[in-house]
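Here is a short briefing to read with the structure open beside you.

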Amino acid sequence: MSRIGRNPVQVPKGVTITFNEGDHKVSVKGPKGELHQTIDPDFTIKQENDEVTVMRPSEQKRHKAMHGLYRSLIANMVTGVNTGYRHQLELVGVGFKATAQGNVLELSVGYSHNIFFAVPSELKVQAVTEKGTNPTIILEGIDKQLIGHVAAKIKSLRKVEPYKGKGIRFTGEFVRRKAGKAASK
């Protein structure tokens with residue numbers, strides 16, 4: 001069995017999981033919201049007490065590959081509706097700014113024009129600018145896949161360059177720096 005797939009998912013208090021056999025949809029409902037995921041019709045889900053287990057039908061390579069995937073997706077949904085996910089991005093560079101109005105993020109990251117980025121309505125976006133620190137963008141939501149995708153899209157608007165380290169990066173991310181040209185004599 002898959003090492004990840006055979007582990008049961010712990011369901012905390014206040015979170016309910018329902019599995020619809022007809023359309024093979026898993027629904028997870030909690031204090032922060034509700035998420036849905038369609039799974040392969042071959043797989044079955046067992047719920048005992050406060051644990052959910054994903055069972056695969058055979059030892060086929062395809063079933064083995066998806067066993068851990070579905071277990072991880074369900075675990076991520078449980079964590080999302082219970083505590084939520086949060087990503088922080090940092091803008092490093094002279095004159096780099098970020099402002100958020102509703103779900104539209106306005107970025108000034110060294111181009112001749114400002115970039116307006118529409119964040120999906122499922123996520124909350126916040127731009128924080130404090131004196132003496134780099135501007136920070138905070139994304140919060142319950143869907144791990146969506147929040148990671150949006151954070152990667154924002155980061156791709158201005159990739160971190162290796163010489164001065166300017167660009168958009170995750171807070172705490174290590175950027176490997178290169179040495180510049182040596183001074184000529």
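**Ser27 and its surroundings**

The side chain of Ser27 and the side chain of His36 make a polar contact at 2.8 Å. Please keep in mind that this is a predicted model.

- Ser27 is part of strand β3, which covers residues 25-30.
- Is Ser27 buried or exposed? Ser27 counts as buried because its relative accessibility is 12%, and the cut-off for buried is under 20%.
- Leaving aside residues up to four places away in sequence, Ser27 touches Thr16, Ile17, Thr18, Glu34, Leu35 and His36.

**The three-stranded sheet**

- Strands β2, β3 and β4 form an open sheet in the order β2-β3-β4, and the pairing is antiparallel.
- At the edges are β2 (16-20) and β4 (33-38), each of which pairs on one side only.
- From one strand to the next, the twist averages 15°.
- Six bridges hold the antiparallel pair of β3 and β4, and in this pair Lys29 stands opposite Glu34 of β4.
- Helix α1 (residues 61-82) packs on this sheet and touches β2, β3 and β4. The direction of α1 makes about 170° with that of β4.

**The largest pocket**

- The volume of the largest pocket is about 200 Å³.
- Which residues line the largest pocket? The lining consists of Glu34, Leu35, His36, Gln37, Leu73, Asn76, Met77, Ile142, Asp143, Lys144 and Gln145.
- At least two lining residues come from each of β4, α1 and α2 (144-156).
- Strand β4 gives the most to this lining, with four residues.

**Val11, a loop residue**

- Val11 sits in the loop between β1 (9-10) and β2.
- Val11 counts as buried because its relative accessibility is 10%, against a cut-off of under 20%.
- Not counting residues up to four places away in sequence, Val11 touches Ile17, Asp50 and Val52.
- Val11 and Val78 are 67 residues apart in sequence, but their C-alpha atoms are 6.9 Å apart in space.

**Strand β7 and its partners**

- Strand β7 (residues 85-92) runs antiparallel to strand β12 (residues 136-141), and six bridges join the two.
- One of the pairings here is that of Arg86 with Glu140, its bridge partner in β12.
- Strand β7 is also joined to strand β13 (residues 167-170), by four bridges and again antiparallel.
- In that pairing, Glu90 stands opposite Arg169 of β13.

- Strand β9 (residues 104-108) and β10 run antiparallel and are joined by four bridges.
- Leu107 stands opposite Ile115, which belongs to β10.
- How many residues lie between the strands of this hairpin? There are six residues between β9 and β10, and in this hairpin Gly110 takes a positive phi near 90°.
- In β10 (residues 115-118), Ile115 and Phe117 make up the covered face, while Phe116 and Ala118 make up the uncovered one.
- Side chains in a regular strand alternate between the two faces of the sheet.

Terms used: Residues are numbered from 1 along each chain as its sequence is written. This is a predicted model: local features need pLDDT of at least 70, side-chain atom pairs count only at pLDDT 80 or more; totals for chains, interfaces and linings use all residues. Side-chain values use heavy atoms; hydrogens and water are left out. Buried means under 20% relative accessible area, exposed over 50%, partly exposed in between (1.4 Å probe, protein chains only). Two strands pair if DSSP finds at least two bridges between them. A polar contact is a pair of N or O atoms within 3.5 Å; within protein, one must be able to donate a hydrogen and the other to accept it, and residues adjacent in sequence count only if both atoms are side-chain atoms. Contact means heavy atoms within 4.5 Å. Axes are lines fitted to C-alpha atoms, for helices over the stretch in contact, and angles run from 0 to 180 degrees between N-to-C directions. On a 1 Å grid over the protein atoms alone, a cavity is a set of points where a 1.4 Å probe fits but cannot get out, and a pocket is an open set with protein on both sides within 12 Å along at least five of seven lines; lining residues have an atom within 4 Å of a point. Grid points are joined across faces, edges and corners, and a volume is the space filled by probe spheres set on the points.
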